[in-house]
Amino acid sequence: MSIILSGIKPTGVPTLGNYLGALKNFVKLQNERKDDDFFFFIADMHAITVPQDPQTLRKNIKNLAALYLACGLSKENLTLFIQSEVKEHLELGYVMQSLVYMGELERMTQYKDKKAKNETGLSSALFTYPALMAADILLYDAKYVPVGEDQMQHLELTRNLAERFNNRFSDTFVVPEGLVTKVGARIMDLQIPTKKMDKSSENGKGCIFLLDEVNLAKKKIKSAVTDNLAHVHYDVANQPGVSNLMTIYSCLTNLSFKEIEDKYEGKGYGEFKEDLANLVGEELTKIQSKFNEYINSKELDEILDEGCKKASYLASKKMKKVYHKLGIGRN
Ligand code: AMP
Ligand code: TRP
């Protein structure tokens, strides 16, 4: 039995990118690995590394919890919880901060990119956030961490920190492995296909949110940027827009790029986009109907209470061990 863990930040409504790059794969993994234990959480402590409006944040947290289930995760072998409700994340996060080097954090692209853009008012928590992410994973002895490609750097750091602690203080943490699915690992913005589709993007037209009204989502697909080659062909360098749409198509149908190319051979983009819009529409309809069942249900709160209880139990056991090994406190 292995533990498989992942988290998503409640910084907005999850996007089609989150779904195809993360949530849908979580569901697939859960179906394939019935003997494993799945831990999924809402990374709300990570959300406040950038400014948030409290009311919106509270709503996003609840929405994300319901969306995890609406996307098809089964309750059977699932521990679903909210990060801030398990205080040990911050405790181990601090321990990880004491272990990580400034140079390592400075190399993390998420921070580097913001710094390069000369954004002002960056919080120190944004800088140290990979240490908290390492704690999220190591607290539960997670063996596998399914994430999008953009998170692999953080995962590599987590592995280094686990090994560093184990070497200094004897075996304590499981060294985790990232699981990235190739197709769908990175869905791009529909209007700027060289930029990743992101919840916090300002351009709503380029981003499909899982709770978008279905007709609006279809419209976004139909007005996605393509090119004037009029040829459904996978070529990221020369046809980034079309290639991105093909990635979405492939994730939703399991057809290979070659199969999609053959299907639309000699046809323009109109029919391809129309079909894709319908596929996306069907998927969103399914998700939203389950979302509506969960969002104000007692069941959702019960699942989160149960998740918090189980996660807290394991996390507190781990922290006792960590503090003891570090020599802090009285025991
Ligand atoms: P975030 O929205 O940054 O909290 O990401 C949550 C999960 O979704 C992570 O595993 C990300 O790698 C994944 N993810 C976010 N945006 C995309 C995207 N555009 N394409 C694929 N995966 C994504
Ligand atoms: N940093 C991840 C992201 O931005 C979210 C996250 C936080 C996470 N803690 C995690 C993912 C632990 C996997 C495991 O997408």
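Predicted model: local features only at pLDDT ≥ 70, side-chain atom pairs only at ≥ 80, totals over all residues.
Side chains of opposite charge can pair when their charged atoms come close. Here a salt bridge means a side-chain nitrogen of Lys or Arg within 4 Å of a carboxyl oxygen of Asp or Glu. By this rule the model holds 17 salt bridges, including these:

| Pair | N to O distance |
|---|---|
| lysine 28 and glutamate 32 | 3.5 Å |
| glutamate 299 and lysine 75 | 2.7 Å |
| lysine 143 and glutamate 177 | 3.5 Å |

Let us begin within one helix. Lysine 28 and glutamate 32 share helix α1 (residues 16-32), 4 residues apart, or about one turn of the helix. Helices (H or I, at least four residues) and strands (E, at least two) are DSSP runs, numbered from the N terminus. Lysine 28 is partly exposed at 47% relative accessible area, while glutamate 32 is exposed at 52%. Buried would be under 20%, exposed is over 50%, and partly exposed lies in between (1.4 Å probe, protein chains only).

Next comes the pair of glutamate 299 and lysine 75. This pair links distant parts of the chain, 224 residues apart: glutamate 299 is in helix α13 (residues 298-326) and lysine 75 in the loop between α3 (54-70) and β3 (78-82). Glutamate 299 is partly exposed at 31%, as is lysine 75 at 40%.

Residues are numbered from 1 along each chain as its sequence is written. Side-chain values use heavy atoms, leaving out hydrogens and water, and side-chain atom pairs count only at pLDDT 80 or more.

Notes: Chains lettered and ligands numbered in written order.
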